[in-house]
Amino acid sequence: MSNAYDVIVIGAGPAGYCAAIRCAQLGMSTAVVDEFVYKDGEPALGGTCLNVGCIPSKALLDTSENYHRVTHQLASHGITAQGVELDVKQMIARKDKVVKDLTGGIRQLFKANKIDWLQGHGKLVEPKTVELTRADGSSERYTGQSVVLATGSRSVEIGAAPLDHQKIVNSDGALEFTEVPPRLGVIGAGVIGLEMGSVWSRLGSEVVLLEAQDEFLAPVDRQVARTAQKEFKGQGLDIRLGCRVTGTQINDAVRVSYEDKNGPQELEVDKLIVCVGRRPNTDELCSKEVDLLLDERGFINVDEGCKTNLPDVYAVGDVVRGPMLAHKGQEEGIMVAERIAGKAGHVNYETIPWVIYTDPEIAWVGRTEAQLKKAGIPYNTGVFGFAATGRARAMDQTAGMVKLIAHAETDRLLGAHIVGPQASELIAEAVVTMEFAGSAEDLARTIHAHPTLSEAVHEAALAVGKRAIHKAN
Ligand code: FAD
Ligand code: AMP
């Protein structure tokens with residue numbers, strides 16, 4: 001094996017592995033350095049997303065949703081089930097199998113594309129030289145004509161709640177509980193906190209989320225956030241806003257001290273998950289001689305094309321600015337590969353969809369009303385509730401709505417905000433419309449199958465022009 005490559009990628013998460021596969025497709029010799037080791041001791045590709053992020057969390061969300069449906073939601077369908085039992089060990093084993101199958105799939109893709117996987121820690125020691133340090137301590141240098149940094153991110157820790165990895169855990173630990181904690185605390189009611197809280201709440205935990213901000217899901221459309229908050233409350237999720245955690249004490253349980261507008265408070269839980277955000281992995285990435293520019297929060301500084309300040313060195317995914325989302329990193333990885341090959345790679349940062357996989361799901365793309373107001377852009381909205389669609393009624397999942405926002409003069413679609421069943425899938429229609437610079441009228445004139453949830457998108461588009469059929473405008 002030669003130590004010289006056209007491209008070396010550091011990090012095999014979605015950003016790095018997509019960059020590598022696209023580089024290989026374009027005929028470049030490619031190696032990927034990755035140090036991730038799964039809990040069974042096996043090195044694994046796929047990064048946070050496949051091993052301890054998107055995929056395992058969705059596997060547990062699906063199991064818990066099935067359990068909750070059987071135990072709480074099927075009576076109205078005339079289905080009652082007795083003696084329903086939950087086997088947490090089997091739930092975790094199934095999740096592990098899903099993860100293993102997918103990470104094994106990336107390994108196969110690397111083989112098929114003749115990508116070398118260099119297992120160990122990668123460090124940029126010169127702009128085009130990467131030093132690999134293996135688990136046994138041995139090291140070796142490799143050169144790349146281009147280098148792509150895709151080292152991702154890790155959970156933020158806070159001094160008030162240091163992890164003991166037993167009772168106080170981060171999201172990694174929350175995917176590994178061996179039994180349902182009777183009382184669960186979650187610090188941070190953001191995307192990950194809400195998903196983890198939902199999993200264990202559906203399985204029977206009494207869940208309290210402590211959120212620092214006064215506003216629930218601050219970046220989300222207000223109407224969507226309010227609807228979601230009401231639904232979550234109905235499900236028993238106790239979301240406390242404006243709470244600053246000041247300390248924790250571990251005995252048989254975890255005692256959490258926090259302050260809210262009424263002064264100091266205490267909460268006792270059996271497990272505590274710290275979900276207060278993620279920070280970029282840039283600490284051990286470069287030797288001192290390499291002058292890679294970082295921003296004040298430790299993210300690698302890049303331009304629109306993900307070029308760093310060093311020649312032929314790119315950075316993609318969670319380690320650079322922008323939303324910490326797997327698909328954002330994947331598109332950046334592909335863009336960079338195409339640019340390295342002399343092609344015109346591009347990422348449209350205006351059309352990155354966001355999803356929170358709670359029940360109901362929350363998904364959005366583009367601008368909110370608040371952002372448009374602030375920017376002085378005139379707009380019209382069209383809102384349509386799922387309760388007025390036949391499909392949602394048949395499914396007995398009527399909470400939520402679709403809100404579309406279009407420019408008041410051009411009718412161009414500027415944003416879509418959905419809370420409701422299958423929002424994660426429905427948002428794709430708005431993303432495509434926006435990518436094609438389409439209008440609300442375009443969507444309104446597009447035929448949608450009946451009865452489907454997508455009719456709510458269609459009706460919301462009609463509602464922008466005040467001509468929805470199945471509601472009074
Ligand atoms: P990562 O996936 O973090 O991969 C980076 C890789 O680089 C890792 O394998 C790491 O070990 C390795 N590495 C780091 N430094 C070095 C080094 N110096 N040498 C060698 N290897 C190194 N996003 C979504 O879009 N949808 C979701 O539903 C979703 N759910 C999530 C749920 C949870 C619980 C979490 C934690 C995250 C979730 N995310 C989700 C976020 C998503 O996982 C990240 O945005 C995504 O993984 C970022 O991809 P990446 O390739 O930039 O980095
Ligand atoms: P996200 O950015 O979606 O991962 O969400 C992280 C959430 O944690 C955000 O809503 C933050 O406001 C919240 N948060 C950050 N720090 C704290 C803290 N110390 N206590 C409570 N919530 C926090």
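Predicted model: local features only at pLDDT ≥ 70, side-chain atom pairs only at ≥ 80, totals over all residues.
Biologist: What volume does the second largest pocket have?

Modeller: By class, its lining holds seven nonpolar, 13 polar and seven charged residues. The second largest pocket has a volume of about 510 Å³.

Biologist: Which element supplies the largest share of the lining of the second largest pocket?

Modeller: At least two lining residues come from each of α3 (54-73), α6 (191-202) and β10 (206-210). With five residues, the largest share belongs to α3.

Biologist: Why is strand β1 largely enclosed by the rest of the structure?

Modeller: Strand β1 spans residues 4-10. A residue counts as buried under 20% relative accessible area. The strand is largely enclosed because, of its seven residues, five are buried.

Biologist: Which residue of β6 stands opposite Ala-4?

Modeller: Strand β6 covers residues 139-149 and runs parallel to β1, with six bridges joining the two. Opposite Ala-4 in this pairing stands Thr-143.

Biologist: Which residue of β2 stands opposite Ile-10?

Modeller: Strand β2 (residues 30-34) also pairs with β1 in the parallel sense, over four bridges. The β2 residue opposite Ile-10 is Val-33.

Biologist: Which helix joins β1 and β2 in a right-handed β-α-β unit?

Modeller: The two strands are parallel partners. Together with a helix of residues 14-25 they make a right-handed β-α-β unit, and that helix is α1.

Notes: Residues numbered from 1 in each chain as written. Chains lettered and ligands numbered in written order. Heavy atoms only, no water. Buried < 20%, exposed > 50% of the residue type's maximum accessible area, 1.4 Å probe, protein only. Pairing = 2+ DSSP bridges. Right-handed = clockwise from strand over helix to strand, strands pointing away. 1 Å grid on protein atoms, 1.4 Å probe; cavity = no way out; pocket = protein on both sides within 12 Å on 5 of 7 lines; lining within 4 Å. Points joined across faces, edges and corners; volume = space filled by probe spheres on them. Nonpolar A, V, L, I, M, F, W, Y, C, P; charged D, E, K, R; others polar.
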